[in-house]
Amino acid sequence: KGFEFLKRGNEIDSTNEKIFSGLADYYCNEGDFKESLKFYKKYVERLKEVGILRINYTHRIGYVFSKIGLRDSAAYYFNKQIEYCNDAIRLGRPYGISFAYYDLAGVYAFRGDKMKAYENLNILNQRRNIPDWLVGYLKTDLLFNNIRNEPEFQRIVKDIEAKCQAEHERVRKWLEEQGMLN
């Protein structure tokens, strides 16, 4: 259904960068990398037109270039992602103190640098609060396919899941104490 909505949205507004990235993601997950790249190119062009810089998406584009065999283009986008992440971390930006570590881990996992992938996943795992969506994403993110079945990766996923569950329970208890749950 989501894919149908994206296609329909693209028919209605063929300039929406969020629709382009959604379609690119869909095709990537389906293994249709040529179609994915077509939408990523539209995405990048649109961002340039409107003067927007999205610093947490370039590794996704690099992944698709890599899958098509365009290694130089892939390296460019992966290196840009590493640069953006490290800058955000160094400058203490919100992205830099949270999800930059996730994105770095993904790049390094895909490139086969397990030590750096785990280093960044462990930093991410030190966060007290991690959103639910990240757990689901971590379990399915194609960038982590190289390490997905390894015990250390599974341990980190379990730790993050447990933190999310504990936070849910804490909030549920508070809501109950406030009389907000029936």
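Buried residues have under 20% relative accessible area, exposed ones over 50%, and partly exposed ones lie in between (1.4 Å probe, protein chains only). This is a predicted model, in which local features need pLDDT of at least 70, side-chain atom pairs count only at pLDDT 80 or more, and totals for chains, interfaces and linings use all residues. Residues are numbered from 1 along each chain as its sequence is written, and side-chain values use heavy atoms, with hydrogens and water left out.

**View 1. Helix α3, residues 33-50.** K34 and E49 are exposed, on the other side of α3 from its buried residues F33, S36, L37, F39, Y40, Y43, V44 and L47. Those buried residues fall within an arc of 165° seen down the helix axis, so they line one face of α3; the arc is that of the directions from the axis to the C-beta atoms. They pack against α1 (2-12), α2 (17-30), α4 (58-68) and α5 (71-91), contact meaning heavy atoms within 4.5 Å. After α3 comes G51, with a positive phi near 75°.

**View 2. Salt bridge E83 to K80 in helix α5.** A salt bridge is a side-chain nitrogen of Lys or Arg within 4 Å of a carboxyl oxygen of Asp or Glu. The N to O distance here is 3.7 Å. E83 is partly exposed at 37% relative accessible area, as is K80 at 21%.

View 3. Salt bridges with shared partners join E152, R155 and D159 into one network.

Methods. Helix = DSSP H or I, 4+ residues; strand = E, 2+ residues; numbered from the N terminus. Expected span 1.5 Å × (residues − 1).
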